[in-house]
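Me: Could you walk me through reading a structure, one feature at a time? I would like the general idea and then the case at hand.

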Number of protein chains: 2
Amino acid sequence: MRAAEPQIDANPLYRQVKARIVQGLTDGTWKPGEMLPSEPALGSLFGVSPGTVRKALDELTAENIVVRRQGRGTFAAELDDNRILFHFFKLTGDDGVRRFPDSRVTGVDRFAPSPEERAALQLSGNVRVIRIARIRLLDDAPVIAETIAVPTRAFPDLDRLGTIPNNIYALYASRYGRTVARAHEEAKAVNADAAAAKDLNVKPGTALLAVARTAYALNGEPVEYRHSLCRTDGFHYQVDLR
Amino acid sequence: MRAAEPQIDANPLYRQVKARIVQGLTDGTWKPGEMLPSEPALGSLFGVSPGTVRKALDELTAENIVVRRQGRGTFAAELDDNRILFHFFKLTGDDGVRRFPDSRVTGVDRFAPSPEERAALQLSGNVRVIRIARIRLLDDAPVIAETIAVPTRAFPDLDRLGTIPNNIYALYASRYGRTVARAHEEAKAVNADAAAAKDLNVKPGTALLAVARTAYALNGEPVEYRHSLCRTDGFHYQVDLR
DNA sequence: CAGTGGTCTAGACCACCAC
DNA sequence: TGGTGGTCTAGACCACTGA
């Protein structure tokens with residue numbers, strides 16, 4: 001039999017399959033935590049062999065977009081606390097233990113975006129962002145002061161919810177259909193100014209880690225720009241390189 | 001025909017193949033930059049099908065241990081400046097440009113390891129480390145002050161070379177057969193003490209990024225513990241998360 | 001027990017590269 | 001032109017899961 005259909009696109013078939021699966025995850029066909037069809041079922045759905053579906057799922061698994069469990073099925077990834085902690089939270093206790101910090105929201109409102117927010121969120125024209133300010137605490141001690149900016153277009157009523165949950169990425173997914181798939185972070189060391197010193201209960205001038213994060217949805221759209229000031233006495237920012 | 005040989009180990013066959021390829025890279029059968037045998041050749045060498053070799057090479061490619069080039073072959077990865085810059089050097093100019101800093105070595109000698117060095121390099125007993133101190137410069141301005149500690153056992157004459165090249169990982173590979181495959185980094189913000197302030201030409205108390213890196217060879221052996229103090233005015237530490 | 005993913009094999013054709 | 005990796009297919013058996 002023929003080994004392969006000729007490729008219509010320049011993209012290999014398995015990448016087209018991958019894109020169609022991402023599309024299904026983006027448009028809500030399969031919601032976070034739900035099971036996808038089996039590999040042969042996806043193969044007949046897309047008109048390709050199971051091996052090609054498998055290669056697409058291999059890449060999606062490597063990117064943490066999908067989770068496969070032997071004997072059970074393939075599932076749309078969830079942004080549960082564990083996933084957040086190990087993939088999107090690089091701050092770790094000096095003893096190596098990672099804990100989920102509590103949060104105390106100090107403000108939610110609409111603003112004109114700062115230049116950084118405008119660039120990171122790819123905004124143009126006269127749009128506004130919803131900006132959340134919060135302090136994060138471990139054992140009731142403040143360790144992070146951060147502001148989170150999201151575009152009003154994608155999150156129309158985020159400022160009218162009353163309460164902002166601690167795990168805000170789960171809210172992005174469940175209420176606004178925006179599943180955070182990846183993020184980019186830039187870190188600097190800065191001396192605490194008066195406001196930061198007060199928020200974090202340190203002396204002015206204390207060295208703090210300033211982290212600027214841009215988070216992206218499954219389809220690549222930027223959904224959040226976050227700026228965090230972190231105490232690093234007793235904590236560190238941890239990265240594995242290859 | 002039979003679909004698969006029964007697995008002797010608990011490990012799947014392709015991981016055994018992967019381990020044997022890593023072994024060949026570790027023991028010098030294939031040196032950095034050299035071409036490996038073709039996929040069918042590796043298959044008959046190890047007595048497995050080409051598909052199984054391919055799966056092993058897929059993983060090695062994902063881990064940047066080998067490089068495949070269509071039409072040419074599969075090659076043992078090299079630690080050239082480009083690889084170093086994009087995989088092991090997270091400091092980037094605020095304009096997004098990455099440049100290779102020059103280095104000025106200020107000291108090379110043997111010491112008893114510090115507790116951090118002892119733990120990271122998994123040393124025991126009464127061994128010593130070779131410790132290199134250097135200042136790294138961009139446009140003749142000091143930006144990083146670092147000490148690099150390596151075990152004397154693996155690097156017996158590193159302190160008698162006279163000169164230490166800027167790209168020290170290429171030296172580890174070519175002279176000592178230790179190819180750095182991955183690393184772990186921990187970052188903190190600290191206030192500059194008097195010595196750091198002098199080295200980096202900043203005022204005492206200035207916030208600096210302190211990065212502690214442990215680097216591992218292909219076989220998982222720790223080969224280097226490095227502590228770096230970095231100015232982050234004009235630079236930032238950059239990470240992508242998934 | 002039936003259904004799922006995990007592994008392994010076998011072989012076809014294509015795209016790219018060096019000679 | 002010949003050799004390489006890149007893609008795609010087809011189908012076998014194994015290991016795990018849950019009813």
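Me: Where is A:Asn201 found?

Reply: Let me set the ground rules before we look. This is a predicted model, in which local features need pLDDT of at least 70, side-chain atom pairs count only at pLDDT 80 or more, and totals for chains, interfaces and linings use all residues. Residues are numbered from 1 along each chain as its sequence is written, chains are lettered from A and ligands numbered from 1 in the order in which they are written, and side-chain values use heavy atoms, with hydrogens and water left out. Helices (H or I, at least four residues) and strands (E, at least two) are DSSP runs, numbered from the N terminus. With that in hand, A:Asn201 is in the loop between helix H7 (194–200) and S8 of chain A. Its phi is near 60°, a positive value in a residue other than glycine.

Me: Is A:Asn201 buried or exposed?

Reply: Buried means under 20% relative accessible area, exposed over 50%, and partly exposed in between, using a 1.4 Å probe and protein chains only. A:Asn201 is exposed, with a relative accessible area of 59%. A:Gln122 also has a positive phi, of about 55°, although it is not a glycine. A:Gln122 sits in the loop between helix H5 (115–120) and S5 of chain A, and it is exposed with a relative accessible area of 57%.

Me: How many helices and strands does chain A have?

Reply: Chain A has 7 helices and 10 strands. Of its 242 residues, 48% are buried. Its C-alpha atoms fill a box of roughly 75 × 45 × 30 Å, taken along the principal axes.

Me: What should I look for in a helix such as H6(A), and which of its residues are buried?

Reply: An α-helix has 3.6 residues a turn, so residues three or four places apart point the same way. In H6(A), the buried residues are A:Ile168, A:Tyr169, A:Leu171, A:Tyr172, A:Ala173 and A:Tyr176. They pack against several elements of chain A, including H4, strand S5 (129–138) and strand S6 (141–151). Just after H6(A), A:Gly177 takes a positive phi of about 65°.

Me: How many aromatic pairs does the structure hold?

Reply: Rings of Phe, Tyr and Trp (its six-membered ring) pair if their centres lie within 6.5 Å; planes under 30 degrees apart count as stacked, over 60 as edge-to-face and the rest as tilted. There are 9 such pairs over all chains. One of them joins A:Phe88 and A:Tyr169, edge-to-face, at 6.0 Å centre to centre with 80° between the planes. A:Phe88 lies in the loop between helix H4 (81–87) and S3 of chain A, and A:Tyr169 in helix H6 (residues 168–176) of chain A, so the pair ties together parts that are 81 residues apart in sequence. Both A:Phe88 and A:Tyr169 are buried. Ring pairs also link A:Phe88, A:Phe155, A:Tyr169, A:Tyr172 and A:Tyr176 into a cluster.

Me: How do I read strand pairing, and which strands pair with S10(A)?

Reply: Two strands pair if DSSP finds at least two bridges between them. S10(A) pairs with strand S3 (residues 91–93) of chain A in the antiparallel sense over 3 bridges, and A:Tyr237 is the bridge partner of A:Leu91. S10(A) also pairs with strand S7 (residues 180–191) of chain B, antiparallel over 5 bridges; here A:Leu241 stands opposite B:Ala183. Strand S10 (residues 235–241) of chain A has 6 of its 7 residues buried, so it is largely enclosed by the rest of the structure.

Me: Which residues have the most contacts inside the largest nonpolar core?

Reply: In soluble globular proteins, nonpolar side chains tend to be buried together. A nonpolar core is a set of buried Ala, Val, Leu, Ile, Met, Phe, Trp, Tyr and Cys residues joined through side-chain atoms within 4.5 Å. The largest has 74 residues, and those with the most contacts inside it are A:Leu158, A:Tyr169, A:Tyr237, B:Leu158, B:Tyr169 and B:Tyr237.

Me: What rotation superposes chain A on chain B?

Reply: Copies are superposed by least squares on the C-alpha atoms of residues with pLDDT of at least 70 in both. A rotation of 180° with 0.0 Å of shift along its axis does it, with an RMSD of 0.1 Å. That is the relation of a two-fold axis. With contact meaning heavy atoms within 4.5 Å, 97% of the contact residues of chain A recur in chain B, and the same surface serves both copies.
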